[in-house]
Amino acid sequence: MTLILTDEELALADSVRKFVADRSPLTSLRQLIASGEPYDAAVWKQMSAQLGLAGLTIPESFGGAGAGYSALSVALTELGAGLVASPLLACVLAAEVLLRMDDDSAKTELLPKIAGGELIATFAVASSAGGHVTAVGSGGASVTLTGSVSPVLNGAEADVLLVPAQAEGGTVICLVDGGAAGLSRTRLTAVDHSRSLARLALAATPGRVLAGDAAAALAAAADLANLALASESSGALKACLDMTSAYARIRVAFGQPIGAFQAVKHRLADMEKSWELGNAALRDAARAGDEKPDRFSVAASVARVLLASAYADAAVDTVQLHGGIGFTWEHDAHLYYKNGLSNKVLLGGPGEQLDRLADSLGI
Amino acid sequence: MSDDFRARARAWLAANAPRRAAADDEAEAESRGQDAVIAEQKAFQAKLHAAGFAGITWPAKYGGQGLTGAEQIIWSQESRDFELPTGVFFIGLSMPGNTLVELGTEAQKRRYLPKMLSGEEIWCQLFSEPGAGSDVASLQTSAVRDGDGWVLNGQKVWTSGAQYSDFGAILARTDPTKPKHNGISMFIVDMHAPGVTVRPLKVATGHSPFNEVFFDNVRLPADALIGEENKGWDAAVVMLRHERIAIGTMGSPRTNPLAFDSLRDLAAGLDRTADQGVRRELAELYARGRAVQLFALLLREETQAGRPPGARGSVAKLAGSDLGRFAGNVAADVLGDQIAGFDADELAAVTTSIIAAPGSAIAGGTSEIQRNIIGERVLGLAKDPGVDRATPFNQLRVGTQRQQ
């Protein structure tokens with residue numbers, strides 16, 4: 001197991017980076033903010049169908065590329081650096097849950113469509129403060145679902161939703177159609193302009209219980225969410241570091257480029273340090289995902305814990321070190337600041353992550 | 001080849017190296033006497049060298065093994081679980097040794113390197129002075145031309161191992177009329193020469209892990225010069241690079257009382273693990289410690305792939321010091337009011353480590369200097385204004401001055 005990127009991974013990073021620069025620069029995020037669209041459908045089509053990013057972790061037998069977690073991490077790092085708005089994270093997590101469950105008909109029907117970008121799927125999970133859904137049996141695998149959950153990634157746009165719910169015998173994971181009766185979906189005001197989030201309200205909504213170990217699938221999805229959000233945060237942190245270093249080299253005050261002043265230089269040095277450490281932890285987590293599955297959960301927690309906080313801090317420093325210009329709407333710094341705030345808490349915030357890590361480490 | 005080396009290393013370590021958790025060198029020296037510890041380490045180093053595991057990347061004609069970074073990494077991996085009693089050679093081999101390999105004359109390399117590797121001679125490094133720490137180029141120790149050699153006068157400080165070293169690599173000013181960086185030379189000094197006085201330096205923990213060294217009219221022969229006269233700063237930069245890499249990649253000792261495993265066990269023993277704050281701090285300590293280890297590993301892999309870390313070694317140094325400080329805070333929180341007064345040896349060891357933690361952010365280049373290096377040489381930011389860079393040394397204000 002090596003931490004450095006393979007030639008294939010470097011090539012993937014390169015092609016995603018070029019794609020982001022050509023097809024989804026930050027100006028296009030500003031167009032989405034103006035239009036209110038959750039993402040650019042043409043960009044998503046290219047990302048999924050042409051670049052194959054939606055199927056990186058889906059096996060070839062289900063129409064994906066079977067490239068693995070490290071490839072996904074590499075792609076998400078570049079997408080995170082460019083704050084690309086897309087339903088990729090929602091689809092990847094939903095696919096992970098389907099893969100971990102034992103429902104062959106759902107896998108065969110849904111996974112190839114997810115891999116091809118034809119179907120938007122999401123995993124409707126939130127913290128205990130975000131609501132709660134109960135399932136009541138209505139014969140065989142059929143249930144009716146009642147409750148609410150928020151925030152759900154791409155919840156308003158998803159064609160299918162995987163909803164964890166409390167049933168009589170414990171937690172189950174249910175497949176719910178986006179157009180199901182009694183399902184209402186409200187788009188939320190997302191602090192991060194690059195995410196589309198929704199609240200789901202379910203009132204006797206029909207769903208189908210997926211066969212398999214729901215607890216194990218939930219845990220696997222939580223681990224993959226940690227890897228994914230750590231990857232995006234690593235890319236975005238590096239983007240903040242590059243942007244702010246570049247500015248500190250050219251902005252002059254008191255007769256010197258501001259980077260000459262230790263008050264500025266040392267903050268950037270700390271940002272470089274936190275990126276290097278987070279990146280090393282991220283590489284370890286991505287490799288463990290493919291090669292050492294028994295170490296993956298802890299490694300992904302470590303990467304998430306470090307990068308979520310480091311990125312949120314770096315994004316604030318990016319605003320601060322740019323001075324007044326960094327606090328304007330026109331400057332990109334606030335886009336990262338808001339993304340950093342959101343990435344830190346989505347799918348399990350810092351306290352929850354540390355508690356889970358403490359359990360895993362036998363503290 | 002590599003597989004063969006790994007198999008040999010594994011077999012030799014299993015047969016010869018102690019797995020026990022060795023006490024720290026200083027505590028061991030206090031209980032057993034320093035001479036006994038030195039004798040044991042010299043004997044072990046000789047065995048290590050004879051078996052072909054000392055100077056792995058150094059040329060064979062100077063006593064090295066003539067192998068590559070790949071074998072060095074294999075050795076680090078295989079020896080990680082052992083406590084090799086070679087601590088007294090660490091500074092000499094990683095700093096003056098590697099610098100001589102790069103800059104030494106043929107005669108110097110043939111004279112000194114083989115005896116370093118075989119454990120016959122111990123070396124130290126003499127850079128810092130009472131008036132020259134972070135700004136080490138403002139050093140005042142002088143070496144004045146006398147016939148074909150020099151006469152050395154001055155004081156060095158923070159010298160590890162001076163009390164048992166045979167030789168040292170020393171920086172001294174050879175031309176005070178030049179700007180500070182341009183009038184320094186590096187020399188080999190015989191630590192047993194007349195005029196050399198070594199005194200232990202007691203630090204905040206109450207222990208004396210360093211020395212002050214005084215030079216009073218010490219003769220340096222013509223062949224003592226390392227590199228060129230007045231080009232000692234270039235040699236110092238080479239040595240400091242080796243120092244940062246050595247410190248950044250040496251990893252933390254397994255017996256570190258501030259390591260995650262130690263503090264988790266301590267917290268369990270003190271019944272502190274039900275406290276959510278303590279649990280979260282310990283989990284974060286694990287995450288931070290793991291990242292520092294993984295970054296060192298990443299740097300080694302990059303080096304092996306032909307991309308040496310350069311100034312990113314400073315990131316490793318800075319990260320290690322920050323980790324020590326964070327671990328000190330976690331340890332203090334685990335101990336709670338037990339840190340204020342204790343009578344158990346276990347708590348004394350942890351408390352000493354907490355008190356020692358800030359030292360790592362000063363030793364081997366302060367964290368402030370590391371941040372300057374990272375800012376300027378990794379991120380390409382403008383250099384510090386450096387008002388003294390062009391001024392002749394003898395017109396500069398240096399050291400600690402109470403007036404003006």
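Domain bounds here come from an automatic or database domain assignment, and by that assignment chain B is divided into domain 1 (2-85), domain 2 (125-232) and domain 3 (251-378). This is a predicted model, in which local features need pLDDT of at least 70 and side-chain atom pairs count only at pLDDT 80 or more, while totals for chains, interfaces and linings use all residues. Residues are numbered from 1 along each chain as its sequence is written, with chains lettered from A and ligands numbered from 1 in the order in which they are written.

**Chain A domains**
- Chain A is assigned domain 1 (7-115), domain 2 (121-213) and domain 3 (216-360).
- The C-alpha centres of domain 1 of chain A and domain 3 of chain A are separated by 21 Å, and their contact (C-beta atoms, placed from the backbone, within 7 Å) takes 20 residues from domain 1 of chain A and 24 residues from domain 3 of chain A.

**Helix α11 of chain B**
- Helices are DSSP runs of H or I with at least four residues, numbered from the N terminus, and in α11(B) the residues B:Val350, B:Thr351, B:Ser353 and B:Ile354 are buried (20 or more other C-beta atoms within 10 Å of their own, C-beta atoms being placed from the backbone).
- Seen down the axis of α11(B), the buried residues fall within an arc of 155° (taken over the directions from the helix axis to the C-beta atoms), so they line one face of the helix.
- On the other side of α11(B), B:Asp345 and B:Ala348 are exposed, which for this term requires 12 or fewer such C-beta atoms.
- The cover over the buried residues of α11(B) includes α8 (260-269) and α10 (313-335) of chain B.

Key
Helices (H or I, at least four residues) and strands (E, at least two) are DSSP runs, numbered from the N terminus. Two residues are in contact if their C-beta atoms, placed from the backbone, lie within 7 Å.
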